[in-house]
Amino acid sequence: MSKPMRVAAVVVTYNRLPLLRQCLAALAAQTVQPAAIWVIDNASTDGTGQAVQQMQLPQLVYRNTGSNLGGAGGFTYGTREAAQAGYDALWLMDDDTIPEPQALEALLQMDETLQGAYGWLSSRALAPDGADQPMNRQRKTPYRDIDGYEGEKIPSVMASFVSLFLRTEVVQKFGLPIAEFFIWSDDWEYTRRISRAMPCYVVPGSRVTHAMQNPGTVNIATDVPSRWARYRYFYRNDVVLYRREGVLGWLWLLAKDVWHTVQVLRDPRGQRLSRIAIIWKGFAAGVRFAPAISYLS
């Protein structure tokens, strides 16, 4: 009998203690328990640190990053720390991810079936009402979502950090997420970096609820005004992601940003010029943006 795989769940959090409590409770209720639950706190100011350290979870490891590194920085920090701690595999998720009880068990069963011959495994993400969460639908190509969730496994090339499973040896080979992205596209870039070289899969039997506060696809034309300023990261980071796809990637970028510009012009909520400036200044910043990939030391 093979030795049980030691899995570290890595949860990145920032000022969402009620959701984090739900996430940790769901992790504690897994039919197959992770060897450790690493909470990576991006310097929350809502009492997260004290609350987490008072929880009665023997496998919990708490780390405070010291400042808000964004989701990308938090996942880079957590992936590095947990991988260097010697676990066999990592299970990455945001603090608003609530895994169903058999979520990890299904991922481990697929790992055993594939005998490690894959880059990563991704869970099916649902909204709280049970519908599929559109923001987390995996891609079958860099430009097209998967068709559905039928079968035991579905080939995929991009996935989010809402329940992503990968062996530590994959991290050693392909490096860490790009912390400089801060938010958005860090998960797409990381999973695409791996899928270029190794087959990767969605495991529909592994299900999580993504209780995100702002559901929907990422688009400055449709998102709430309080989030518009942060879109400079999205339009910048996407250039790094898609320029690696060659001419087709550049065409995709231009088509997407033009379409978002048209949508902004049709949106009656105002600030059209400032939003359009965010799109194209982000694009221009991305052309110049050349973040390095860090590797485990």
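**The pocket and its surroundings**

Guide: Helix α8 gives the most to the lining of the largest pocket, with five residues. Helices (H or I, at least four residues) and strands (E, at least two) are DSSP runs, numbered from the N terminus. This is a predicted model, where local features need pLDDT of at least 70, side-chain atom pairs count only at pLDDT 80 or more, and totals for chains, interfaces and linings use all residues. Residues are numbered from 1 along each chain as its sequence is written, and side-chain values use heavy atoms, with hydrogens and water left out.

Visitor: What volume does the largest pocket have?

Guide: About 1400 Å³, where a volume is the space filled by probe spheres set on grid points joined across faces, edges and corners. A pocket here is an open set of points on a 1 Å grid over the protein atoms alone, where a 1.4 Å probe fits, with protein on both sides within 12 Å along at least five of seven lines; lining residues have an atom within 4 Å of a point.

Visitor: Which residues are closest to its centre?

Guide: Of the 48 lining residues, those are Met135, Ile183, Trp184, Val218 and Arg227. The elements giving two or more residues to the lining are β1 (7-13), α3 (70-84), α6 (186-195), α7 (231-243) and α8.

Visitor: Is Trp184 buried or exposed?

Guide: Trp184 counts as buried because its relative accessible area is 11%; buried means under 20%, exposed over 50%, and partly exposed in between (1.4 Å probe, protein chains only). Trp184 sits in the loop between α5 (168-174) and α6, and has a positive phi of about 70° although it is not a glycine.

Visitor: And where is Arg227?

Guide: In the loop between β11 (201-210) and α7. Arg227 is buried too, at 13% relative accessible area. From Arg227 to Ser274 is 47 residues in sequence and 13 Å in space, C-alpha to C-alpha.

Visitor: Switching topic: what's the backbone doing at Asn15?

Guide: Asn15 has a positive phi of about 55°, though it is not a glycine. Asn15 lies in the loop between β1 and α1 (17-28), and is partly exposed, with 27% relative accessible area.

Visitor: Back to α8. Is Leu248 buried or exposed?

Guide: Leu248, in helix α8 (residues 247-266), counts as exposed because its relative accessibility is 51%.
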